[in-house]
Amino acid sequence: MRLSRFFLPTLKETPAEAAIVSHRLMLRAGMVRQESAGIYSWLPLGFRVLKKVEQIVREEQNRAGAIEILMPTIQPADLWRESQRYDAYGDEMLRIKDRNGRELLYGPTNEEMVTSIFKSFCRSYKELPKLLYHIQWKFRDERRPRFGVMRGREFLMKDTYSFDLTKEEAMKSYNRMFVAYMNTFARMGLQAFPMRAETGPIGGDLSHEFIILAENGESKVFCHRDLLDLPAPGLDVDFEGDLQPIVDERTALYAATEDVHDEAAFAKIPDDKKVSARGIEVGQVFYFGTKYSEPMKARVSHPQNGEVPVHMGSYGIGVSRIVGGLIEAFNDDAGIIWPRSVAPFDVGILSMRAGDEATDAACEQIYAGLCKAGLEPLYDDSDDRAGAKFSRMDLIGLPDQIIVGPRGLKDGVVEVKDRATGERVNLSPEAAIDQIIARHQRDIF
Ligand SMILES: Nc1ncnc2c1ncn2[C@@H]1O[C@H](COP(=O)(O)OP(=O)(O)O)[C@@H](O)[C@H]1O
Ligand SMILES: [Mg+2]
């Protein structure tokens, strides 16, 4: 992409309404624009990151055996009356009437709808297990939308729903999602820790939140320090095999959110191993048994005894929240520092003298070489001054920069800068292309 043709409305001033660094940087980098409290337009740069995050989430859901569908944002109120949640959900639910006076709502979550889909097609235990997911916008009329996309009213969520014959089988689905979640966040460069959590309006009695530690996080969390050293399970785990040992290893140590925190259990941890910190909830998994299948009559034939309600779980990831969470995790005074897997472009090319023949030719050569290798460069071909180009490129946080100017080209070199470390090397244009491709291949998995 050439910057002259792109739409990158960066801001010079720091917006006063933004209380935390990720919100400030998202506005300054021209990633989003607020349309109403907690409701955002995603501008091109932000949209590209959102799509990268969404795609990683999707790939790991598919790898774990979940099947993608797409349910609508608008749901009939009657569906929620079947589960008794229509009134219980309260003011967070946006209620709508159509022209015929029929009551509708903008979905805050989809347990009812997916249960209704399941029961209209699946009648036998032979269909189980089933894991269905979608990635769809949700609306919750939050009392206090804040921190930009981190606590919005309209937000993009991946929600998966599992259907199993027994509690024991449902635990296997729970474990699939648990393991998939750790890998999902690891691919984005994030360490997310599973912690025992309250079940809230979803219900049920088993739940973990996946938390990334961050000073500006809304959640207060407590855990054993050794938990922080456990690596993600890895993309080679066998989802058809026994995942219980992996889950056990990651749930053996104390880890809880404030709502379910147990002071007495925490007190037993040696002082130097106690972590009490703030974090961002990027995902949550629930097992709630027959809470929805019972009232909604989602039953299947059992191999021995008649018909039974299915055991269910649900599993959410805050796709749009993660974009803010990533910036909380990866920034410095100059701006954002994207991990390569989610960066809006792979590399920036900065022309130090647009219009100079040798400079233009070298930029074009590098641009073409990177595109040919399947990378996505952002080529700053504008005639802004060098200082403005440097600070804009640092602000938007592309992992690598190639700085091309007449002075270097006299010696046959361009400068390659690593955004995260600030390290700079001079290389020939050809070597610069190879270097960027190598860095990309090293970090993307
Ligand atoms: N208001 C919101 N804005 C952005 N993301 C949200 C919001 N509410 C929830 N999420 C994301 O969606 C995921 C699943 O939501 P869920 O656990 O059902 O909601 P809650 O955390 O409110 O109980 C959360 O882990 C979080 O990452
Ligand atoms: Mg939650």
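A residue counts as near a molecule if its C-beta atom, placed from the backbone, lies within 6 Å of it. With that in hand, we can look at the ligand site. Keep in mind that this is a predicted model.

**Around the ligand**

Ligand 1 is surrounded by 17 residues, and the closest are Phe 155, Gln 284, Gly 316, Gly 318 and Arg 321. Two or more residues of that shell come from each of strand E8 (154–164), strand E13 (274–289), strand E16 (311–318) and helix H9 (319–329). E13 gives the largest share, with four residues. Sorted by class, the shell holds eight polar, five charged and four nonpolar residues.

What does the UniProt record say about residues 38–339? The unreviewed entry annotates them as "domain: Aminoacyl-transfer RNA synthetases class-II family profile". In the model that span is 28% helix and 31% strand, and its end C-alpha atoms sit 26 Å apart.

**Strands that pair up**

E13 also turns up in the strand pairing. Its partner here is strand E11 (residues 219–224), and the two run antiparallel over six bridges.

Ser 219 is part of E11. Is Ser 219 exposed, partly exposed or buried? It has 18 other C-beta atoms within 10 Å, so it counts as partly exposed; being buried would take 20 or more. Ser 219 and Ile 280 are 61 residues apart along the chain, yet their C-alpha atoms are separated by 6.2 Å.

Two hairpins are worth a look as well. E1 and E2 are joined by four bridges and run antiparallel, and E22 and E23 also pair in the antiparallel sense over four bridges. Each hairpin has a glycine with a positive phi, Gly 38 in the E1 and E2 hairpin and Gly 422 in the turn of the E22 and E23 hairpin.

| Hairpin | Residues between strands | Bridge partners | Glycine and its phi |
|---|---|---|---|
| E22 (residues 414–418) and E23 (residues 424–427) | five residues | Val 416 and Val 425 | Gly 422, about 80° |

**A helix with a buried face**

Helix H2 (residues 44–63) has 20 residues and reaches 28 Å from its first C-alpha to its last, close to the 28 Å expected at 1.5 Å a residue. Which residues of H2 are buried? They are Leu 45, Gly 46, Val 49, Leu 50, Val 53, Ile 56, Val 57, Glu 60 and Gln 61. Looking down the axis of H2, these buried residues fall within an arc of 150°, so they line one face of the helix. After H2 comes Gly 65, with a positive phi near 100°.

**Out at Lys 410**

Lys 410 belongs to helix H12 (residues 406–410). Why does Lys 410 count as exposed? Because it has 9 C-beta neighbours inside 10 Å, and the cut-off for exposed is 12 or fewer. From Lys 410 to Glu 59 the gap is 351 residues in sequence and 46 Å in space, C-alpha to C-alpha.

Methods:
Residues numbered from 1 in each chain as written. Chains lettered and ligands numbered in written order. Predicted model: local features only at pLDDT ≥ 70, side-chain atom pairs only at ≥ 80, totals over all residues. Nonpolar A, V, L, I, M, F, W, Y, C, P; charged D, E, K, R; others polar. UniProt positions renumbered as here; feature names shortened; annotations may be inferred. Pairing = 2+ DSSP bridges. Expected span 1.5 Å × (residues − 1). Arc of directions from axis to C-beta.
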